[in-house]
Amino acid sequence: MHGLYFVLLMHPVAAWVFWSWIGGIPTQLMFKIVVMDVAFYMVRRSEPSSSAGGTGTVGNVNVCEDCQVSRAPRTMHCKTCKKCILKWDHHCPLINGCVGAGNHGKYVFFLVASTVCLFSVSDVIFAGLPRPFFSFSNILPVALMLVTVTFQATAAGLLTWHIYLVISNQTSPEVLHPEKCFWLPSSPTAHPASAVSNIASWANSEFCGLQQQPSPPPSPRTWSS
């Protein structure tokens with residue numbers, strides 16, 4: 001629930017800042033905030049696909065040491081949620097849940113909306129600051145802008161990372177901890193899929209539900225666009 005409390009707290013703080021120093025909230029910015037809130041609600045309400053007892057046709061079926069059940073390829077156990085998640089990427093404290101197959105698309109949409117919204121917020125704050133910028137009366141607005149820039153850099157960095165994961169058909173554990181992924185090939189993939197093919201497969205799986213079992217990833221060392 002901590003992520004929800006944080007988001008709810010930021011709304012009145014941001015509204016007070018805009019009304020105090022800028023005189024109101026621009027209509028375009030309000031629209032972007034609403035889109036970001038809708039994206040946050042969507043990803044928070046969604047559940048990633050659980051995959052226990054799968055037989056799979058690619059790679060070996062592995063038994064989870066925590067759940068003591070068989071799990072399909074590209075499935076990992078979340079210590080926080082205490083269950084196995086298909087194509088598990090990470091546990092996100094902001095949404096208080098896991099990101100994996102079934103809600104990764106909503107998570108990426110939330111990152112896009114957050115990045116665009118935060119860039120607009122910092123732009124509005126910067127435009128409304130009295131000149132000169134570095135004066136005693138601007139301490140709080142400048143501090144808020146620095147905090148906003150920190151958040152937007154974080155959101156933009158996460159968005160860049162997940163775009164790379166999508167176009168390379170990988171998850172964070174497969175890139176950062178390949179030794180923990182039992183399904184990864186022991187030898188390099190001979191013909192890695194193209195970026196367009198990976199994006200299409202990901203979109204079909206996340207938004208159209210046309211692919212129930214995500215395809216195996218190529219070796220990170222051999223993937224190419």
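Why are Trp161 and Tyr164 separated by about one helical turn? They sit three residues apart in helix α4 (residues 139-168), and therefore about one helical turn lies between them. This passage returns to that pair after a look at the whole chain.

The structure is a predicted model, in which local features need pLDDT of at least 70, side-chain atom pairs count only at pLDDT 80 or more, and totals for chains, interfaces and linings use all residues. Residues are numbered from 1 along each chain as its sequence is written, and side-chain values use heavy atoms, with hydrogens and water left out.

Six helices and six strands make up the secondary structure of the protein. Here helices (H or I, at least four residues) and strands (E, at least two) are DSSP runs, numbered from the N terminus. Along the sequence the pattern reads α-α-β-β-β-β-β-β-α-α-α-α. The protein has 225 residues, of which 38% count as buried; buried means under 20% relative accessible area, exposed over 50%, and partly exposed in between, with a 1.4 Å probe and protein chains only. The protein exposes about 12500 Å², and carbon and sulfur atoms supply 67% of it. These accessible areas come from the Shrake-Rupley method with a 1.4 Å probe, and for residues only the protein chains shown count as cover. Among contacts (heavy atoms within 4.5 Å) between residues at least 6 apart in sequence, 61% join residues at least 24 apart.

The aromatic rings come next. The structure holds two aromatic pairs. Rings of Phe, Tyr and Trp (its six-membered ring) pair if their centres lie within 6.5 Å; planes under 30 degrees apart count as stacked, over 60 as edge-to-face and the rest as tilted. The ring centres of Phe40 and Phe110 lie 5.7 Å apart and their planes meet at 50 degrees, so this pair is tilted. The pair links distant parts of the chain, as Phe40 belongs to helix α2 (residues 27-45) and Phe110 to helix α3 (residues 104-128), 70 residues apart. Phe40 and Phe110 are both buried. Trp161 and Tyr164 also form a tilted aromatic pair, with 5.8 Å from centre to centre and 40 degrees between the planes. Trp161 counts as partly exposed because its relative accessibility is 27%, and Tyr164 counts as partly exposed at 30%.

Attention now turns to the strands. Strand β3 (residues 75-78) and strand β4 (residues 83-86) pair in the antiparallel sense over four bridges; two strands pair if DSSP finds at least two bridges between them. Met76 has Ile85 in β4 as its bridge partner. The two strands β3 and β4 form a hairpin with four residues between them, and Lys82 in the turn has a positive phi of about 60 degrees.

Positive phi values also occur in the loops on either side. Arg74, in the loop between β2 and β3, has a positive phi of about 65 degrees although it is not a glycine. Arg74 counts as buried, at 1% relative accessibility. Lys87, in the loop between β4 and β5 (90-92), has a positive phi near 55 degrees and is likewise a residue other than glycine. With 15% relative accessibility, Lys87 counts as buried.

Where does the largest share of the lining of the second largest pocket come from? Strand β3 supplies that share, with four residues. The pocket has a volume of about 240 Å³, and its lining includes Cys64, Glu65, His77, Trp88 and Lys180. On a 1 Å grid over the protein atoms alone, a cavity is a set of points where a 1.4 Å probe fits but cannot get out, and a pocket is an open set with protein on both sides within 12 Å along at least five of seven lines; lining residues have an atom within 4 Å of a point. Grid points are joined across faces, edges and corners, and a volume is the space filled by probe spheres set on the points.

His77, in strand β3, is buried with a relative accessible area of 14%. Beyond its neighbours within four places in sequence, His77 is in contact with residues including Cys64, Asp66 and Cys84. Glu65 lies in the loop between β1 (62-63) and β2 (70-71) and counts as exposed at 71% relative accessibility. Glu65 and His77 are twelve residues apart in sequence and 8.8 Å apart in space, C-alpha to C-alpha. Trp88, in the loop between β4 and β5, counts as buried at 16% relative accessibility. Leaving aside its neighbours within four places in sequence, Trp88 has contacts that include Arg74, Met76 and Pro173.
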